[in-house]
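Colleague: Hi, could we look through this one together? I'm still learning how to read these.

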Amino acid sequence: MKTAKLILMIMVLTMSVTALAQQAPVQEPMVFATHEQEERFKKLTEELRCLVCQNQNLADSDALLAHDLKSEVHEMLLAGRTDEQIKQFMVERYGDFVLYRPPVQTNTYVLWLGPLLLLLGGAWILRINIKKRAQLLNTEDTEGGNG
Amino acid sequence: MSSRIIPLAAFLLLVALLVVGLKIADKKTQIPSPLIDKPVPEFDLPVLGQAEQRMSAESFLGRPYLVNFWGSWCVTCRVEHPVITQLARMGVVDVVGLNFRDEEQDALAWLRRFGNPYSVTLVDFDGRTSIDFGVYAAPETFLVDSSGKIVFKHLGQMTMEVIETEILPRLASMESGT
């Protein structure tokens, strides 16, 4: 009884997220005016996150929403919008999270600089250890010489 | 001595990070909406069942309202429906239904079957308006103030707790503010 309730609860809790993840009908191939536009489309949809299945980009996703967002990108491209304008369109609606490559700004400094700081910290600790060892060896040597 | 404390401290820090990570893990799907404190996106949509009648964002200016995105295909919408109904019955705020990516007949049948809590239901057939609202799951609910500004968004199933802790206090402060 309790397990049944639990399963039901898990189902209900996961439903809201799966709702728009229904598979899209087979998409008609998109037509581009130029090869350059097609390349830009590929690049953009690879950099934009599918919000329904958050670990996929738009290019790889088959979800209904991803399908619609790809059509939006396609239309904007044909209308002559720049890559920046298209990304701006997505960020205004879904937030920075929609970008796979987060912008460098005050709230992402830790994200961008953190690894570098960790690396420097590691190098510093390593340096201290090497120095210590060298000192230890030195004193051992001198002690050995005295004895 | 410190050679033992440092690894231990580092380990405890990692444990702390793990605990924090686990705590926010279930909130990860809840992306903060960039639309909070922004004007409600422009829309001009037909009324469900009366296609010749259209309503835009301007038609709602002057009093706060709730926009509830739903579809007959959305199971969680059915689950939250009694709560939305209860909220509408309180009479504290107009609840506007936004039926998206749905067939008119299915939507009308859904309302007949479960009851219609909405003061009006608008139809976003191709989902364009839902994209402008940044909707990526259903149901999603937005609270809009009388000046047409979005003040709160709830993703997923509406609950009495959300109504009591998030929606009612905001409505009350709006009233005292004007």
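**A chat about two chains**

Modeller: Happy to! Let's begin with Thr45(A), which counts as partly exposed because 19 other C-beta atoms lie within 10 Å. Keep in mind that this is a predicted model.

Colleague: Okay, where is Thr45(A) placed?

Modeller: Thr45(A) sits in helix α2 of chain A.

Colleague: And which residues does Thr45(A) touch?

Modeller: Leaving aside residues up to four places away in sequence, Thr45(A) touches Asn57(A), Leu58(A), Ala59(A), Lys70(A) and Val73(A).

Colleague: What about Leu44(A), buried or exposed?

Modeller: Leu44(A) counts as buried, because it has 21 C-beta neighbours inside 10 Å. The cut-off for buried is 20 or more. Leu44(A) also belongs to helix α2 of chain A.

Colleague: Which residues does Leu44(A) touch?

Modeller: Not counting residues up to four places away in sequence, Leu44(A) touches Val73(A), Asp83(A) and Ile86(A). As for Lys70(A), which is 26 residues away from Leu44(A) along the chain, the two C-alpha atoms are separated by 9.4 Å.

Colleague: Ile86(A) is in α4(A), I think. Which residues of α4(A) are buried?

Modeller: In α4(A), the buried ones are Ile86(A), Met90(A), Arg93(A) and Tyr94(A). Looking down the axis of α4(A), the buried residues fall within an arc of 80 degrees, so they line one face of the helix.

Colleague: Why would residues spaced like that point the same way?

Modeller: An α-helix has 3.6 residues a turn, so residues three or four places apart point the same way.

Colleague: Nice. Which residues are on the face turned away from the buried side of α4(A)?

Modeller: That face carries the exposed residues Glu84(A), Gln85(A) and Gln88(A).

Colleague: And what covers the buried residues of α4(A)?

Modeller: The cover includes α2 (35-47) and α3 (64-78) of chain A, together with α4 (128-132) of chain B.

Colleague: What should the span of α4(A) be?

Modeller: Helix α4 of chain A covers residues 83-94, and at 1.5 Å a residue its 12 residues should span 16 Å. The end C-alpha atoms are 16 Å apart, which agrees. Just after α4(A) comes Gly95(A), with a positive phi of about 85 degrees.

Colleague: Stepping back, how many helices and strands are in chain A?

Modeller: Chain A has 5 helices and 0 strands. Of its 147 residues, 17% count as buried.

Colleague: Where in chain A is confidence lowest, and where is it highest?

Modeller: Confidence is lowest in helix α1 (residues 2-18) of chain A, with a mean of 64, and highest in α4(A), at 93. Overall, chain A averages a pLDDT of 82, and 80% of the residues score at least 70. Where pLDDT is low, the predicted coordinates should not be read in detail.

Colleague: Good to know! What is the mean pLDDT of chain B?

Modeller: Chain B has a mean pLDDT of 91, and 94% of its residues reach 70 or more. For the model, ipTM is 0.77 and pTM is 0.74.

Colleague: How is chain B divided?

Modeller: Chain B has domain 1 (1-30) and domain 2 (35-177). The C-alpha centres of these two domains of chain B lie 40 Å apart.

Colleague: Last one: what do the buried residues of α3(B) pack against?

Modeller: They pack against β4 of chain B. In α3(B), residues 104-114, the buried residues are Ala107(B), Trp110(B) and Leu111(B). Seen down the axis of α3(B), its buried residues fall within an arc of 95 degrees, so they line one face of the helix. On the other side of α3(B), Gln105(B), Ala109(B), Arg112(B) and Arg113(B) are exposed.

Technical notes
Residues are numbered from 1 along each chain as its sequence is written. Chains are lettered from A and ligands numbered from 1 in the order in which they are written. This is a predicted model: local features need pLDDT of at least 70, side-chain atom pairs count only at pLDDT 80 or more; totals for chains, interfaces and linings use all residues. Domain bounds come from an automatic or database domain assignment. Helices (H or I, at least four residues) and strands (E, at least two) are DSSP runs, numbered from the N terminus. The expected span of a helix is 1.5 Å times one less than its number of residues. A residue is buried if 20 or more other C-beta atoms lie within 10 Å of its own, exposed if 12 or fewer, and partly exposed in between; C-beta atoms are placed from the backbone. The arc is that of the directions from the helix axis to the C-beta atoms. Two residues are in contact if their C-beta atoms, placed from the backbone, lie within 7 Å. pLDDT is the predictor's confidence in each residue, from 0 to 100.
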